[in-house]
Amino acid sequence: MKLKLVGFGLILLVAFNADAQRRGRRQAIPDTITSNYHPAEAFSPLFTDKGNEFHSANGNPGPKYWTNRADYILKATIDTTAKTLTATENITYTNNSPDALPYLWIQLDQNTYKKDARANFLGGSYVQSPQHTDGYQLESVSILANGKVTKADYIVSDTRMQVRLPVALTANGGKITLLINYHYTIPGTFGGRTDYNQTKNGKIYEIAQWYPRMCVYDDSHGWDTLPFLGSGEFYCEYGNFDYSVTVPWDMIVAGSGELQNPAEVLTAKQLARLNEARNSDKTIMIRTLAEVNDPSSRPVHKGNLTWHFKMFNTRDVAFGASNAYIWDAARINLPGGKKSLSMSVYPVESAGPNGWGRSTEYLKKSVEYFSEKWFVYPYPVAINEAGTAGGMEYPGILFDGIRDKGDELYWVTAHEIGHNWFPMIVGSNERRYAFMDEGFNTFIDIYAADAFNNGEYAPKRDGEYAPGKGNPADEIVPTIVDPKAPVIMTAADAVGGNYRHPVEYFKPALALVTLREHVLGKDRFDYAFKNYIHQWAYKHPQPEDFFRSMESGAGEDLGWYWKGWFYNNWKLDLAAISAEYVNKDPKNGIQVVIANKEQMAMPFTVEVKLKDGTKQRVSFPVETWMNNRVVSLVFATTSEAESVTVDPDKVLPDLNRKNNTVTVK
C-alpha cells in the first residue's frame, strides 16, 4: 500500500475543554475512560539539587573534580603443573582527594571462589559448590615509605582487604607504595570470567582478576567496597601498568597493552609477519594451524619465557596464555591517521572461515566504527581470545566463546570490544549501575551491526542474546508489566538471573534507541552523547551526571523520561478511543480522541489511513500529556478515511496494541 506522508492542519484540544464542546462542533469526550496516568507525577522535577563543584549541574565534571590513581608493577609466573599463579605486586597509590586517608581498601576478587565466600549465598539458598579454590594466599603485605619497607597492618574480609596505615595518607597528592607477594590456584572452567580449559592441542589459560586491585575512593561513596559476588562486575582506578608473565617456552601470551620484548619471545618469522600486519587491512597469519605443534614456531625449546607488557592510562589488564593458539592480526585505522592492531588467538576448534578466521576482521571493523562515531580507541592493540569464559571484556582484550561462529561471533566481538568505551574509557561503576556499561554498550553495538559490511549481521536490537525475532518495543513489555521485575537503577547484584539481561542490557539500550530516534532526534542525541563520553573519559560518572549531561547537551528537560524508563517500570498504553467526522462531514476533518491509560508519558505519532490508499501522519510532543490524560485531536482532511492508528510503526513499548487502531465513523 502506498504511504504518503503529508503535513496537514490540526487542532489540539485539552481533554475537557467545555467551551469547545458547547460550541457543538465536536463530539464530547467520553467520561467513562479510566486511566492510571498522573501528569503531575510524570512531570514533577527529578533533580532538586543544584550540582556542586565536583559534579556540575550541567552533567560535566566540576572545577574541583578529582580521581585517585593506582599504578602497578606486576611480575607473575604460571605453574602449568600445579595450576597456580604466583606474583609480586608493587602498587603506587596517589590520593588526589581532599581527604586524608587513614586506611586503604583493596579488592581480592579471587576470594569469591572460596568455600565460605559471600557469593555462595546470592542465589537465595546455600549449596556448597564442590568446585572451589582457597582464594588469594597472601605471603606478605608491606608498605614502602622513605626507602624503608615495613610490614602492613591489614585484615581480609571476603573479597576485600583493609590496610590500616601508621600515618594517614595526605590529601591532594599524597603517595604510598604497597608491596604484595601472593599466589592462588587458578580455577578451572567453573571460574567463569577466569579459568583454564583443555583443547585438542593444549590448555588455554584465561587470566583475569589476577592481582589485588585498589578499590575506588570517590566523591560519591568514599571507599567503594561492595564485595565481588560474581554477577556485578568491576570498578577500578586508572593508572599505568607494567607487567610480566613467565610461562613455559611453548606458550603464546596475548595480553592487554603492548608487548615490550617481542624479539625475546617471538621468532624472526613471527616478527616479520607482525610488521606486515601493522600495515595491512587484510588479516595476516602470525602463527598458522600447521605451526601450532611445530617447535620451530617458538624461539627456544626448553625452560620458560617471560612476556613483558605495558599499558598506560587504563583501569585493568588481563591476558590469555596457551600452546594451542593460532594467531592472526590486521591494522586498525583510526581517525586522524592513528593506527592500532587487531589480533585474534584461538585453538583449532575455533578455526575456519565461518568461525574465528573472521574474528580479527570483526574486531578491526568494530574498533574503527566506535572510534569514528564516539571516541578514538586509545590503546595500541585490541585482542580477541577464544576460550570458555565466553564473553568477557577487559581493556584491550576480550575473552569470547571458543565455539562461537557467524553472527554470534560477530555480535559478541562487537559487544565485548564496545566495553572498551563503557566502562574502560568512561569509567562508570559496573557493580552499582550495570546499565551504564551493559546498557550503553548494547546501545552502541546495535548501530555497529547496522554499519558492518552493509548490515551483514543486522539488525541487532539488543545485547549478546536476542530474546526473539519480533519488534523490540514489544519484547520489553513482559518485563515492564512483571510486578517482580527490578528497575534499571537496581544494583547489579540485586538483579536476579532471569532479569539480568532484559533489565541491564535490553531495556536501557531500547531506552536510548527510543530517545535517539523518537524523542530527541539523531543529531541532538549524538551531539549530547558524544559530549558525555568526552567529558567523562578516564573519570567516574554517576547516573545523575549522565542524565544531566544529556539534558544540557540536547537542550531538553528529560526528567519524565528518566523516571519512566530508568527509575520505574512505568507502563505505556496509548489508546485510540474514537474517530468521527466533524459534524458528520469529511470536509470538516476528523476528530480523534486518544487516551493515555497508564503511567508513562511519551511523544507519539498518529496515522490516518484514507480510503484512496494514502496515509497521513502527525507527530505529537510529550507536552501533549503535560496536563491531560485524554486529548481530542482534529485532523483537517478533505476526503473519507478508513481508520486512525496511534504509534503505527510500533516503536513505543505499548502494552496493548489492540486498542491502538479505531475505525472512522
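**Figure 1. Asp-649 and its salt bridge to Arg-617 in the predicted model**. Asp-649 has a relative accessible area of 49% and is therefore partly exposed, since exposed residues are those over 50%. Its side chain meets that of Arg-617 in a salt bridge, with 2.8 Å from N to O. Arg-617 belongs to strand 29 (residues 615-620), whereas Asp-649 is in the loop between strand 31 and strand 32, so the contact ties together parts 32 residues apart in sequence.

**Figure 2. Arg-657 with Asp-474 and Asp-647**. Arg-657 forms a salt bridge with Asp-474, and the closest N and O atoms are 2.8 Å apart. Because Asp-474 lies in helix 8 (residues 472-475) and Arg-657 in the loop between strand 31 (641-646) and strand 32 (661-663), this pair ties together parts that are 183 residues apart in sequence. Asp-474 is partly exposed, at 30% relative accessibility. Arg-657 has a relative accessible area of 19% and counts as buried, the cut-off being under 20%. Arg-657 also forms a salt bridge with Asp-647, where the closest N and O atoms are 3.0 Å apart. Both partners of this second bridge lie in the loop between strand 31 and strand 32, so the parts tied together are 10 residues apart in sequence. Asp-647 is buried, as is Arg-657.

**Figure 3. A salt-bridge network of Arg-193, Glu-233, Arg-500 and Glu-504**. Salt bridges link these four residues, Arg-193, Glu-233, Arg-500 and Glu-504, in a network. For the structure, the count of salt bridges comes to 28.

**Figure 4. The aromatic pair of Tyr-113 and Phe-190**. The structure holds 59 aromatic pairs. In the one formed by Tyr-113 and Phe-190, the ring centres are 6.2 Å apart and the planes make 80 degrees, an edge-to-face arrangement. The pair links distant parts of the chain, 77 residues apart. Tyr-113 is in the loop between strand 4 (101-107) and strand 5 (137-145), and Phe-190 is in the loop between strand 9 (174-185) and strand 10 (195-199). Tyr-113 is buried, at a relative accessible area of 11%, whereas Phe-190 is partly exposed, at 29%.

**Figure 5. The aromatic pair of Tyr-377 and Tyr-379**. The two ring centres lie 5.5 Å apart and the planes of Tyr-377 and Tyr-379 are at 90 degrees, so the pair is edge-to-face. Tyr-377 is buried, with 2% relative accessibility. Tyr-379 is buried too, with a relative accessible area of 4%.

**Figure 6. Charged side chains over the rings of Tyr-196 and Phe-47**. The charged end of Lys-83 sits over the ring of Tyr-196, at 5.7 Å from the ring centre. Arg-548 lies over the face of Phe-47, and its distance from the ring centre is 4.7 Å.

**Figure 7. The second largest pocket and its lining**. This pocket has a volume of about 260 Å³. The lining of the second largest pocket is made up of 13 residues, and those nearest the pocket centre are His-518, Phe-604, Thr-605, Ser-619 and Val-651. Strand 28 (604-610) and strand 29 are the elements that give two or more residues to this lining. Strand 29 gives the most, with three residues. By residue class, the lining of the second largest pocket divides into seven nonpolar, three polar and three charged residues.

How values were computed: Residues are numbered from 1 along each chain as its sequence is written. This is a predicted model: local features need pLDDT of at least 70, side-chain atom pairs count only at pLDDT 80 or more; totals for chains, interfaces and linings use all residues. Side-chain values use heavy atoms; hydrogens and water are left out. Rings of Phe, Tyr and Trp (its six-membered ring) pair if their centres lie within 6.5 Å; planes under 30 degrees apart count as stacked, over 60 as edge-to-face and the rest as tilted. Helices (H or I, at least four residues) and strands (E, at least two) are DSSP runs, numbered from the N terminus. Buried means under 20% relative accessible area, exposed over 50%, partly exposed in between (1.4 Å probe, protein chains only). A charge sits over a ring if NZ of Lys or CZ of Arg is within 6 Å of the ring centre and within 35 degrees of the ring normal. On a 1 Å grid over the protein atoms alone, a cavity is a set of points where a 1.4 Å probe fits but cannot get out, and a pocket is an open set with protein on both sides within 12 Å along at least five of seven lines; lining residues have an atom within 4 Å of a point. Grid points are joined across faces, edges and corners, and a volume is the space filled by probe spheres set on the points. Ala, Val, Leu, Ile, Met, Phe, Trp, Tyr, Cys and Pro count as nonpolar, Asp, Glu, Lys and Arg as charged, and the others, Gly among them, as polar.
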